[in-house]
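Here is a friendly walk through a structure that may be new to you. Take a moment to look at it, and then read on with the picture beside you.

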Amino acid sequence: MMVKEEYTPVKAEGRRFVNSWWGRSWCANLEGYADYSNRIDRGKTYIRGGRVIDLKTSEGKVTGLVQGSSRRPYKVKIDISVLSEEKKSAILSKCGNRIENLDSLLSGDIPSDIQDIFVSHGGLFPEPSEIMFHCSCPDYAYMCKHVAAVLYGVGVRFDEDPMLFFGLRGMEVDSLIKKSIDQRLEHMLKNASTKTDRMLSEDDAMSLFGVFGQK
């Protein structure tokens with residue numbers, strides 16, 4: 001007996017349809033693909049019209065079904081390069097001890113001076129050379145409107161669960177937080193024995209509390 005696959009449609013509500021930092025940043029990155037700009041708006045129309053009737057993400061891959069003009073929905077497959085170990089290490093190093101906890105990261109409460117680490121060249125968001133598209137539709141365009149709709153659908157998914165983004169790029173978010181904590185702890189320990197003007201000497205402390213000269 002065949003088990004019918006369960007669809008997970010994308011619900012894009014409102015004109016904006018993405019609200020979180022992660023969702024907005026993903027869409028902004030997508031719209032920066034100048035070679036595909038003529039297809040982006042048509043993808044927006046499809047995502048707002050509820051045409052993405054199924055979307056699933058896994059490490060390095062997105063699959064989707066988009067209802068077009070045909071009776072059968074078109075099948076979309078998007079391959080995204082996972083981050084190399086070298087790039088992961090570079091990102092972790094740049095983040096330093098700036099990310100305090102998982103909640104802050106996932107809510108998009110990221111210090112402005114390191115947001116570029118995620119969205120700039122060589123960051124976490126994929127560049128055109130790191131992403132490949134395929135759609136079963138007859139459109140000759142490399143990025144057709146169905147692919148664009150699925151890509152926008154990914155942004156909606158990141159609104160719901162930013163953890164999906166890290167899984168898509170093959171990066172464990174726990175390692176990002178752990179690196180930040182380890183570096184902060186290392187910095188604290190390194191400075192623990194360093195005297196500053198804010199530290200009282202033993203004699204000053206005894207004098208301050210009125211115990212100087214007591215036996």
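## A bridge between a buried and a partly exposed residue

Lysine 56 has a relative accessibility of 28%, so this residue counts as partly exposed. The side chain of lysine 56 meets that of aspartate 54 in a salt bridge, at 2.8 Å from N to O. Aspartate 54 is at 4% relative accessibility, and therefore counts as buried. Please keep in mind that the model is a predicted one.

Both residues turn up again in the pocket described next: Asp54 and Lys56 are among the residues that line the largest pocket.

## The largest pocket

The volume of the largest pocket is about 170 Å³. Besides Asp54 and Lys56, its lining includes Glu5, Tyr7, Arg72, Pro73 and Lys75, along with Thr63, Gly64 and Leu65. Sorted by class, the lining has five charged, three nonpolar and two polar residues.

Which strands each supply at least two residues of this lining? They are strand S1 (52–58) and strand S2 (61–66). S2 gives the most, with three residues.

In general, side chains of opposite charge can pair when their charged atoms come close.

In helix H3 (residues 85–95), lysine 88 and glutamate 85 lie three residues apart, about one turn of the helix. They form a salt bridge whose closest N and O atoms are 3.4 Å apart. Lysine 88 counts as buried because its relative accessibility is 16%, while glutamate 85, at 57%, counts as exposed.

Helix H6 (residues 145–160) holds glutamate 160 and arginine 157, also three residues apart, about one turn of the helix. Their side chains meet in a salt bridge at 4.0 Å, N to O. Arginine 157 is buried at 11% relative accessibility, and glutamate 160 is exposed at 52%.

## Aromatic rings

Now for the rings. A pair of aromatic rings is described by the distance of the centres and the angle of the planes. The structure holds twelve aromatic pairs. In one of them, tryptophan 22 and phenylalanine 166 have their centres 5.3 Å apart and an angle of 70 degrees between the planes, an edge-to-face pair. Tryptophan 22 belongs to helix H1 (residues 21–31) and phenylalanine 166 to helix H7 (residues 163–168), so this pair ties together parts that are 144 residues apart in sequence.

## A charge over a ring

The ring of tyrosine 46 has the charged end of arginine 51 sitting over it, 4.6 Å from the ring centre.

Technical notes. Residues are numbered from 1 along each chain as its sequence is written. This is a predicted model: local features need pLDDT of at least 70, side-chain atom pairs count only at pLDDT 80 or more; totals for chains, interfaces and linings use all residues. Side-chain values use heavy atoms; hydrogens and water are left out. Rings of Phe, Tyr and Trp (its six-membered ring) pair if their centres lie within 6.5 Å; planes under 30 degrees apart count as stacked, over 60 as edge-to-face and the rest as tilted. Helices (H or I, at least four residues) and strands (E, at least two) are DSSP runs, numbered from the N terminus. A charge sits over a ring if NZ of Lys or CZ of Arg is within 6 Å of the ring centre and within 35 degrees of the ring normal. Buried means under 20% relative accessible area, exposed over 50%, partly exposed in between (1.4 Å probe, protein chains only). On a 1 Å grid over the protein atoms alone, a cavity is a set of points where a 1.4 Å probe fits but cannot get out, and a pocket is an open set with protein on both sides within 12 Å along at least five of seven lines; lining residues have an atom within 4 Å of a point. Grid points are joined across faces, edges and corners, and a volume is the space filled by probe spheres set on the points. Ala, Val, Leu, Ile, Met, Phe, Trp, Tyr, Cys and Pro count as nonpolar, Asp, Glu, Lys and Arg as charged, and the others, Gly among them, as polar.
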